[in-house]
Amino acid sequence: MEWSDLRIFLMIAREGSLGAAAKQLGQSQPTMGRRLRALEQSLGQTLFQRTGDGFVLTDEGTVVFTHAERMEENAFALERQIGGKDQQLEGLLRISSSDWFGSHLLAPVLAEFAAQNPRVITELLTDARFYSLPRREADVVFRIKPFDEPEVISRRLMSIAYGVYRKTDSGFEPQAGNGQDTPLITMDTAFGGMPDAVWLKRILPKAHIVSRSNNRDVQARMCASGAGLAILPRPLGDAIAAVERIDLGENPPNRETYLGYHRDLKRLNRLRVLVDLVIERLAN
């Protein structure tokens, strides 16, 4: 088993295809494929499933990936020490979160992390779906649902308050009692069971929906344009001058946010440094 073959394996796992990995390493795609086959033969295992969406790690590939990342980090450390370079972290961290959380809460923390660790590349994936830590779709995941996978180390990060917003100075007030004729901007039907959406139906049962979206920034923009009321996370809504929070006599329910990472990565220095910084800046 050659370390150079493991470097190729790591790049394919991170990029998801031979072509993209070859471009990153400056090698030809046939060479990459040949080296990958050599590695699989030396291990006696198939490391990737070849799918229409690209290369996906098998269970055996996930095990190899974990150990190969540790080897990569040790190789970087050895190069720095022998070469007398600064003791800086290197490598890639793939992070998953919701769109608004990534834009408004994580982005400032990632910028601070980048200034402190310029050789670490952070890749932020904002998506409504849950990325899998066991399948190594991401290294660190932030989400509103607790983690129940036994191989995941997780903790509650913060409680986020929500509020009801309207366009600033619009003078728009929902009719007391049932919200008759009140236009609403809310979550799409796939997320209709979320606590804030259920709360809104109870508070304003006669209101009518004018727009749905699974993107909180889209909801905020619609609200700022005067399309209707929207329930927004307060870190998002309070930062927008074009909207203002109103009192309906009861606050929407808070949402808990959790962070998680695979237990095999707990000794990965760059991950520990990032998690510590996130906790220091955001935890409550």
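I took contact to mean heavy atoms within 4.5 Å. The model I am working from is a predicted one.

**Entry 1, Ala-220.** With that cut-off, and not counting residues up to four places away in sequence, I find Ala-220 touching Leu-232, Leu-236, Ile-240 and Val-243. I place Ala-220 in helix 7, residues 216–224. Its relative accessibility is 4%, so I note Ala-220 as buried. I also looked up the separation from Leu-92: the two C-alpha atoms are 32 Å apart, and the residues lie 128 apart along the chain.

I noted the division of the chain as domain 1 (3–82), domain 2 (86–160 + 256–283) and domain 3 (162–253). Taken over C-alpha atoms, the centres of domain 1 and domain 3 are separated by 47 Å.

Which residues have the most contacts inside the largest nonpolar core? I list Phe-101, Phe-142, Leu-157, Leu-271, Val-278 and Leu-282, in a core of 46 residues. Helix 5 (residues 99–116) gives the largest share of this core, seven residues. Domain 2 and domain 3 each supply at least three residues to this core. Another core lies apart from it and has 20 residues, including Ala-13, Met-32, Leu-36 and Phe-55.

I then went back to Val-278. Leaving aside neighbours within four places in sequence, Val-278 is in contact with Leu-106, Val-109, Phe-142, Leu-157 and Ala-283.

I count five aromatic pairs. One of them is Phe-9 with Phe-65, at 6.4 Å centre to centre and with 65° between the planes. I record this pair as edge-to-face, because planes over 60 degrees apart count as such. Phe-9 belongs to helix 1 (residues 3–15) and Phe-65 to helix 4 (residues 59–83), so the pair ties together parts 56 residues apart in sequence.

Are Phe-9 and Phe-65 buried or exposed? Phe-9 has 0% relative accessibility and counts as buried. Phe-65, at 5%, counts as buried too. I also find Phe-9, Phe-48, Phe-55 and Phe-65 in one aromatic cluster.

Elsewhere, I looked at the ring of Phe-147. Arg-143 lies over its face, at 4.0 Å from the ring centre.

I started from strand 8, residues 183–186. In a regular strand the side chains alternate between the two faces of the sheet. On one side of strand 8 I find Pro-183 and Ile-185, and on the other Leu-184 and Thr-186. These four are all buried, and both faces of the strand are covered.

How many bridges join strand 8 to strand 9? I count four, and the two strands pair in the parallel sense. Pro-183 has His-208 as its bridge partner in strand 9. Strand 10 (residues 229–233) also runs parallel to strand 8, with two bridges between them. Here Leu-184 stands opposite Leu-229.

I find Ser-211 in strand 9, residues 208–212. Its relative accessibility is 15%, and Ser-211 counts as buried because the limit is under 20%. Leaving aside neighbours within four places in sequence, Ser-211 is in contact with Leu-184, Ile-185, Thr-186 and Met-222. Among these, I note that Leu-184, Ile-185 and Thr-186 are residues of strand 8.

Technical notes: Residues numbered from 1 in each chain as written. Predicted model: local features only at pLDDT ≥ 70, side-chain atom pairs only at ≥ 80, totals over all residues. Heavy atoms only, no water. Phe/Tyr/Trp six-rings, centres within 6.5 Å; stacked < 30°, edge-to-face > 60°. Buried < 20%, exposed > 50% of the residue type's maximum accessible area, 1.4 Å probe, protein only. Lys NZ or Arg CZ within 6 Å of the ring centre and 35° of its normal. Pairing = 2+ DSSP bridges. Domains from an automatic or database assignment. Core = buried A, V, L, I, M, F, W, Y, C linked by side-chain atoms within 4.5 Å.
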